[in-house]
Amino acid sequence: MSLVRVDERGAVSVLTLERPPANAFNLELVEDLRQALRLAGGGKAVVLASSSASLFSAGWDLKILVTFDRAAMEIFFEAYCDLVREIFVFGGPVIAALPGHAIAGGLIVAAAADERIAAEGRGELGLSEVLLGVPVPQCLLEVFRHAIGPRAMERLASTGENVSAEKARSIGLVDEIVPQGELLSRSVARAGKLAELPQPAHAAIKRRSRAAAMARFDQARERDPFLDVWFSKDAQERIAALVARLSKK
């Protein structure tokens, strides 16, 4: 059974993450979303949505990943980076509908979309990797450099601080904030409007606008020591401590 529900709404494919309670990314969710994207290809617009009313995704499933050896972690890491890349270069319009929190790996997936629409409320967005003693992988930082510029990217990644939807909108990370009950309909409507544009021209502009970011993305993947840091003693202790805290909740 897929962890991604696919609903066709005219020219828009709604891909809904369905891995409660936090839509945490394990290898299965990564691969299911990649497969759903491939099936939605051919110029259709896509909305990335969540089955939760309070969050888009809390990031990677650390409870599972902390048990991985290096070989297993490398498989997951490469698949996740492939997913982000595929969203970023998807030919049709991609809208991320954020009902609430989008943290770490969840926010990275959302940032790869063309636009992000957030629901009103207390949802927060942030990159918490630094709190675990690991940097955001360089290739994934390039998505944020493209979306919000280098200074805002650095501040978001280096502090580990979450920001409100309003703050995220002020730095360009969120494009629109709407009432919670209108989130999906407004996201589908926006995706549908973009789908009405001449798609070859739209896709060409998107491809050209993101070419430099993609070149940096691909180059960074070849030499990023992320896994070395991930398996360092300090990072493993921090990750294990967080998993222990989460397990008590």
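Student: Hi! Which residue forms a salt bridge with Glu154?

Tutor: Arg151 does, with the closest N and O atoms 3.8 Å apart. A salt bridge here is a side-chain nitrogen of Lys or Arg within 4 Å of a carboxyl oxygen of Asp or Glu. Bear in mind that this is a predicted model, where local features need pLDDT of at least 70 and side-chain atom pairs count only at pLDDT 80 or more, while totals for chains, interfaces and linings use all residues. Residues are numbered from 1 along each chain as its sequence is written, and side-chain values use heavy atoms, with hydrogens and water left out.

Student: Where do Arg151 and Glu154 sit?

Tutor: Both are in helix H6 (residues 150–159), 3 residues apart, which is about one helical turn. Helices (H or I, at least four residues) and strands (E, at least two) are DSSP runs, numbered from the N terminus.

Student: Is Arg151 buried or exposed?

Tutor: Arg151 counts as exposed, at 53% relative accessibility, and Glu154 is partly exposed at 45%. Buried means under 20% relative accessible area, exposed over 50%, and partly exposed in between (1.4 Å probe, protein chains only).

Student: Okay, how many salt bridges does the structure hold?

Tutor: The structure holds 21. One of them pairs the side chains of Glu86 and Arg34, at 2.8 Å from N to O. That pair links distant parts of the chain, with Glu86 in helix H3 (residues 70–88) and Arg34 in helix H1 (residues 27–39), 52 residues apart.

Student: And how accessible is Arg34?

Tutor: Arg34 is buried, with a relative accessible area of 13%, whereas Glu86 is partly exposed at 24%.

Student: Switching to helix H8, how many residues does H8 have?

Tutor: H8 (residues 183–195) has 13 residues. From first C-alpha to last, H8 reaches 18 Å, close to the 18 Å expected at 1.5 Å a residue; the expected span is 1.5 Å times one less than the number of residues.

Student: Which residues of H8 are buried?

Tutor: Leu183, Ser187, Val188, Ala191, Gly192, Leu194 and Ala195. Seen down the helix axis, they fall within an arc of 160 degrees, so they line one face of H8. The arc is that of the directions from the helix axis to the C-beta atoms.

Student: What does Arg190 meet in a salt bridge?

Tutor: The side chain of Glu115, at 2.7 Å from N to O. Glu115 lies in strand E7 (residues 115–119) and Arg190 in H8, so the pair ties together parts that are 75 residues apart in sequence. Glu115 is buried at 16% relative accessible area, while Arg190 is partly exposed at 27%.
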